[in-house]
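Subject: Handing over the structure

Hi,

Here is the structure I promised to pass on to you. Have a look through it first, and then read my notes below.

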Amino acid sequence: MDSNQRKKSQKTWYLTTPIYYPSDKLHVGHAYTTVAADALVRFHRLYGDGVFFVTGTDEHGQKIAQKASEAGKTPKEFVDGIVQFIQDPLWKTLGISYDRFIRTTDQEHTRVVQNVFEQLLERGDIYKGTYEGWYCLPDETFWTESKLIDGNCPDCGRPVERVQQESYFFKMSRYQDRMIQYILTHPDFIQPTSRRNEMLSFLESGLEDLSISRTGLTWGIPVPHDPAHVIYVWFDALLNYLTAADYLEAPEKFARTWPPDVQLVGKEIVRFHTIIWPIILMALQLPLPERVFGHGWLLIGDTKMSKSRGNAVDPIALTQKYGVDAVRYYLLREVPFGADGSYTEEALRLRINVDLANDLGNLLSRTTAMINRFSAGYIPFPHSVPREPDQVLPKLVVEIYDAVDHAMQQLLISDALSHIFRLIHAANKYIEDRAPWNLAKNPATKDELDHVLYNLAESLRIVSVLLTPFLIETPQKIRQQLGLTTPVRSYREAIFGQLQGGEHIKRGDALFPRLDLHGEQHEAAGGMEPSTEAVKTTPSSPNPPRPEEATNPITIDDFQKIDLRVGTIRHAEVVPSADRLLKLTVFDGIRDRTIVSGIRAHYDPEKLVGQQVVLVANLKPVKLRGILSEGMLLAGSQGGRLSLVTPLSELPEGARVK
Ligand code: MSP
């Protein structure tokens, strides 16, 4: 999509996160959804769209009541404490810029839930009957026999209990065909497509009426005129999206805001949001959300990060250790939104070193150092006619402007960031290609030098604009160093050529200090104390993995097929377009070979020059990022540590290793 043609509408762009259970402190998995939502709304705000961003807490139900009684508190006292913590320090620390924080214990919400209940009762969409079946307490969900898997809850796999009680039912069965039709005719409604297909087959297997009231429980919203029943927590919770948009309180505002443009939910609650929720809206004759996006989970090893599994990581501790922008960057960049992804602290540290410190931080410090040295600390005016190589960055910016916009429209947040880093890589490469230090040697190339320095400063200014939705502090830090005093206000500032020239730069601290990847390897950041009933299984940051017994024996003949030789590294440089690669020139006694190696996060290229290494000399050459790599270096690695293998004492190059 060409963003210049994107239509502005009068409608407020409305985005929601799920409302979280305040049954425990939230962990990095919850922060993941909320940070993603925050980046999306910040992007839309920057674009000039009117935005409404809602998050909040889901406070009723048996599970919360039980937790409160274990803590010796009333449910309200119990949730008040946790909700306070979620608002501040949690969301405040992570820079979550919500417009409304909705609590299901808000008076206004009670009015909405009771109003909806009465409307549906009147229309015959709710009726009273008897419920008999299976109940999953942790999920607060009823199941019929046929839906159980091995006798357990099909959502969470935990045991269910047999129950029988009088209940109000929501006549979902009435809407089965309309719902199927709706999904078929609205291909964007459920994303990603895999979740859409799952929901279609769930619907096609038959839709039963849903029990939406409970007796014997007082912590909930009472059914109007029948207070022995409280309304089922999921029915209550889903309606938060109506309350937050002022469904009853301010009809004009509601008309401008409704329906939600994007609802982000974790994959395990897609069913609630794409079947029960839209059917409630159909029954109320209200428009359905434009898109419900079911994202994947953050995993520790193979299991979901969760407080009850005892493997939860505390986002605040992580932020204190690494800074808010590093944590946000990692969450937004590491896992493509939609897929499951592993959380490891090592991967976070790598992202900090490679992307933030090396690529972005170095670009800023090299650029400002050169402006200091070659232009007396002032950003030059671009006064030469741009040569071909000086047009590369302006052209790339035009492409990236649209690519980032397009990715964000598709909710491909990680892709958007990788486009921005393409610009950063290209600017680093531009420094190497244009070698300003050579241009500075000759007064005849002063104009060219000025142009190169301007292009670099301008690219960094554009990076500061593009990064604004994702990072909280960094864009402003970049701008300060460039001598810019205004904050970023519009996405349109990401157009090349707006930097005036003549700004006095102010060099500052490194944007992201490099971490010693080996030093603190085993220190855990941010484990959360397990809750009282939690079974503590895995520590929050993994211990170094235990070595495993060697399997798959080979013969000496097999081994001798590998031609290992000693070589010396003569030259090393980063591969600008690749996160983790170094391009090395290794002398093997006969000739210089080019070897591309994924060790960039572990070694500064300069420090490798002159080191002896062991290489696999008869490995078939392969092209990596367009570079022909003629061999492989031996390296040992475990638990995120890596070391090249080197002879104990110097050997002539070409010596065989056996
Ligand atoms: N209260 C309900 C939602 C009601 S919405 C009307 C609920 N709450 S929750 O606190 O259990 O989960 C809220 C969200 O956090 C869910 O979308 C869930 O997928 C997400 N996550 C919880 N753990 C997570 C990970 N480990 N990884 C990614 N998201 C995770 O469900």
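Some housekeeping. This is a predicted model, where local features need pLDDT of at least 70 and side-chain atom pairs count only at pLDDT 80 or more, while totals for chains, interfaces and linings use all residues. Residues are numbered from 1 along each chain as its sequence is written, and side-chain values use heavy atoms, with hydrogens and water left out.

**Around the ligand**

The ligand is surrounded by 24 residues (a residue is near a molecule if one of its heavy atoms lies within 4 Å of it). The closest are Ile19, Asp58, Gly266, Glu268 and Leu298. By class, the shell has 13 nonpolar, eight polar and three charged residues (Ala, Val, Leu, Ile, Met, Phe, Trp, Tyr, Cys and Pro count as nonpolar, Asp, Glu, Lys and Arg as charged, and the others, Gly among them, as polar).

Some polar contacts (pairs of N or O atoms within 3.5 Å; within protein, one must be able to donate a hydrogen and the other to accept it, and residues adjacent in sequence count only if both atoms are side-chain atoms) are worth a look. A ligand nitrogen is 2.8 Å from a polar backbone atom of Ile19. A ligand oxygen is 2.8 Å from a polar backbone atom of Gly266, and an oxygen of the ligand is 2.9 Å from an N or O atom in the side chain of Glu268. On its own the ligand has 670 Å² of accessible area, and the protein covers 95% of that (areas come from the Shrake-Rupley method with a 1.4 Å probe; for residues, only the protein chains shown count as cover).

Which elements supply at least two residues of the shell each? They are strand S1 (13–20), helix H1 (28–47), helix H7 (233–238), helix H8 (240–244) and strand S12 (262–266). Helices (H or I, at least four residues) and strands (E, at least two) are DSSP runs, numbered from the N terminus.

**The sheets**

S1 and S12 turn up again in an open sheet of six strands, ordered S3-S2-S1-S12-S13-S7 with parallel pairing (two strands pair if DSSP finds at least two bridges between them). Strands S3 (100–103) and S7 (190–191) stand at the edges with a single partner strand each, so one side of each has no neighbour in the sheet. Two bridges join S1 and S12 in the parallel sense, and Thr16 stands opposite Gln263 in S12.

Elsewhere, strand S4 (residues 126–136) and strand S6 (residues 161–170) are antiparallel, over ten bridges. Tyr127 stands opposite Phe169 in S6, and Phe169 also stands opposite Ser211 in S8. Trp134 has two partners to look up: Arg162 in S6 and Trp143 in S5. S4 and strand S5 (residues 141–143) pair antiparallel over three bridges; their hairpin has four residues between the strands, and Glu140 there takes a positive phi near 50°.

There is also an open antiparallel sheet of three strands, in the order S9-S11-S10. Strand S9 (213–215) and S10 are at its edges, each with a single partner strand, so one side of each is left without a neighbour in the sheet. S10 and S11 are joined by two bridges, with Pro222 opposite Val230 in S11.

The peptide bond from Gln191 to Pro192 is cis, with omega near -10°; Pro192 is in the loop between S7 and helix H6 (193–204). Trp258 and Pro259 are also joined by a cis peptide bond, with omega about 0°, and Pro259 lies in the loop between helix H9 (251–257) and S12. Finally, His225, a residue other than glycine, has a positive phi near 65° and is found in the loop between strand S10 (222–223) and strand S11 (226–231).

Cheers
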